[in-house]
Amino acid sequence: MRDFNGQTLSWQIVDGAIELVLHRDPCNEIGSRTLEELEKFATALPVLTNEVHAVIIHSTKAGFSAGADLRELFQRGQAMEKSAALRGVREFLERIHAVMNAIDAAPLTTIAAVHGVTFGGGFELALACDIIIADRMARFCFPELRLGLIPGFGGIPRLKRDLGNAVVRDLLLTGRSFNVTKAQQIGLVSQIAAEGEALRVARATASQVGKFGRQTAAAAKAFVKPIPYEELQREIDIFCQLYSRPAVEEGLRKFVESTDAQPYLP
Amino acid sequence: MPVPTIDRTLDEVLTLAASHFKVPREKLTPDDDFFKTLGIDSLQALDLLTRLEHHFRIELPDYELQGVSDFRTLANRIQARL
């Protein structure tokens, strides 16, 4: 499929790069519909590999992505018996991991062009990419511990792969958000763009990447970016163990039912 | 560079908030609840935090803003990082 226009995302080939745009209101929360469409993308990727040299993932909404669709997660948990809900969560995680792994391992250069809120699952999607280019107003966070969970879309193993463990512990255990200056200092973001310019910078970067042999770039990528499959599987197991605890249901309920103006603040 | 006074910091916070959220500067006072006065939600508050961090060249963890909703306390938290 060379192009696709879905409910939550679309893609097309522009100047030798696949541009995958996230466009689900309000801020690209990743639920079952987004997962289905990401799976279509993951299926299309190997077919498109011979036609392009790069993938750019970006958003047309207020932020890159606010993360997993917590409302859907809560409502599904309420609608079914606990063991069925847990099976559903595990199935969702296995499927989203397969998508993230496909993006992570793609023999193309993958670029996340992020702006605004890049939280939780959205942050994890960016981490699956080879290069993160961030708008000056981007903000990153793993807020999952506030809900009694850990990141579940592959965030911890990928963060450990890319950053020092001391930094990972700070970000994970405090659940704090941080800006692009910090993100670049710790080695997460390689390029900072002016406000509203991340996509333009990503396109220029993709164009540069296209000057080199694709097979050489793929070999270099495979060498410097091993995929931590065992830890990724372990993450799913830990997430599911934690999800079974009553504190998680209460945390999700508090978030979903909050009329407070501050649900995204710790 | 000398550390600005708290009055100067507070004034810069109010000026930046007024400018970004397009509210007349004279309508903002130090003890206003910025969620109500600016009419912002938590995502917009994070946007304001990011702008303040860039403006003052500081890192201000968002957990330090837990329960903070007035400009004066916000300015005090910033001052502690200058």
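**The sheet and its helices**

I began with an open sheet of three strands in chain A, ordered E6-E8-E9 with mixed pairing. Strands pair here if DSSP finds at least two bridges between them; strands (E, at least two residues) and helices (H or I, at least four) are DSSP runs numbered from the N terminus. E6 (117-119) and E9 (177-179) of chain A are the edge strands, each with a single partner, so one side of each has no neighbour in the sheet. Neighbouring strands are turned by 25 degrees against each other on average, direction ignored.

I noted that this is a predicted model, in which local features need pLDDT of at least 70 and side-chain atom pairs count only at pLDDT 80 or more, while totals for chains, interfaces and linings use all residues. Residues are numbered from 1 along each chain as its sequence is written, and chains are lettered from A and ligands numbered from 1 in the order in which they are written.

Next I looked at E8 (residues 139-141) of chain A, which runs antiparallel to E9(A) and is joined to it by three bridges. A:Phe140 has A:Phe178 in E9(A) as its bridge partner.

I then found helix H3 (residues 42-56) of chain B packed on the sheet, touching E6, E8 and E9 of chain A. Contact means C-beta atoms, placed from the backbone, within 7 Å. This helix makes about 45 degrees with E9(A), with angles taken from 0 to 180 degrees between N-to-C directions and axes fitted to C-alpha atoms, for helices over the stretch in contact.

Key:
Two residues are in contact if their C-beta atoms, placed from the backbone, lie within 7 Å.
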